[in-house]
Each structure stands twice: as structure tokens, then as C-alpha cells.
Amino acid sequence: TTQCSICHGEDLKGLGVVPGIAGRSPSYLVRQMYDMQQGARKGMWTDLMKPVVMKLSDEDMLAIAAYTASLKP
């Protein structure tokens, strides 16, 4: 979560224009990470996320999504 907190904030509730990921739907989070890996998601901050998600396995993404979804938004 240290890698996530750098941009998403210490509590993962967002930091400036970077969205919060605490309490988000696990399916939404996995889909976003998957789309970033595949190059299907475009946006202002996507290029910063690509190196973060590039080597994640499906299991890694599910674990991250489960953890962040368990947090209070």
C-alpha cells in the first residue's frame, strides 16, 4: 500500500486530483487496473499508473481490490 499511498494519499481517500480508492467497488478497481495494463484506459494520470500495474497478476489485483474495498471511504 505504500506505493498506492504515494499518489492516492496515506489513507487512500485521494490526494488532490488523484481519486480515492478506499471503499471502492472491488470489480471497479480490478477493471481499472486491468484496463491500464492492457492500454485500454486513457486519462491524464494513466501513464503514471502503468508501471505500477504492469507486473501485477490477476491475484495481485484481486488482493489489492479486496483490501482497498474494505477501507472506509
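Predicted model: local features only at pLDDT ≥ 70, side-chain atom pairs only at ≥ 80, totals over all residues.
I began with the lining of the largest pocket, and by class I found 18 nonpolar, 6 polar and 2 charged residues there. For my tally, Ala, Val, Leu, Ile, Met, Phe, Trp, Tyr, Cys and Pro count as nonpolar, Asp, Glu, Lys and Arg as charged, and the others, Gly among them, as polar.

Residues are numbered from 1 along each chain as its sequence is written, and side-chain values use heavy atoms, with hydrogens and water left out.

Next I looked up which helices meet. Helix 2 and helix 3 pack at about 95°, and their axes are 9 Å apart (axes are lines fitted to C-alpha atoms over the stretch in contact, with angles from 0 to 180 degrees between N-to-C directions). So I put helix 2 down as roughly perpendicular to helix 3 (65 to 115 degrees). Met33, Met36 and Gln37 of helix 2 make the contact with Thr46, Met49, Lys50 and Val53 of helix 3 (heavy atoms within 4.5 Å). By class, I have 4 nonpolar, 2 polar and 1 charged residues in this contact.

Last, I turned to aspartate 11, in the loop between helix 1 and helix 2 (helices are DSSP runs of H or I, at least four residues, numbered from the N terminus). Aspartate 11 is partly exposed, at 41% relative accessible area (buried is under 20%, exposed over 50%, partly exposed in between, with a 1.4 Å probe and protein chains only). I also checked threonine 68: its C-alpha atom is 9.8 Å from that of aspartate 11, though the two are 57 residues apart along the chain.

Key
Helix = DSSP H or I, 4+ residues; strand = E, 2+ residues; numbered from the N terminus. Parallel < 35°, antiparallel > 145°, perpendicular 65-115°, else oblique.
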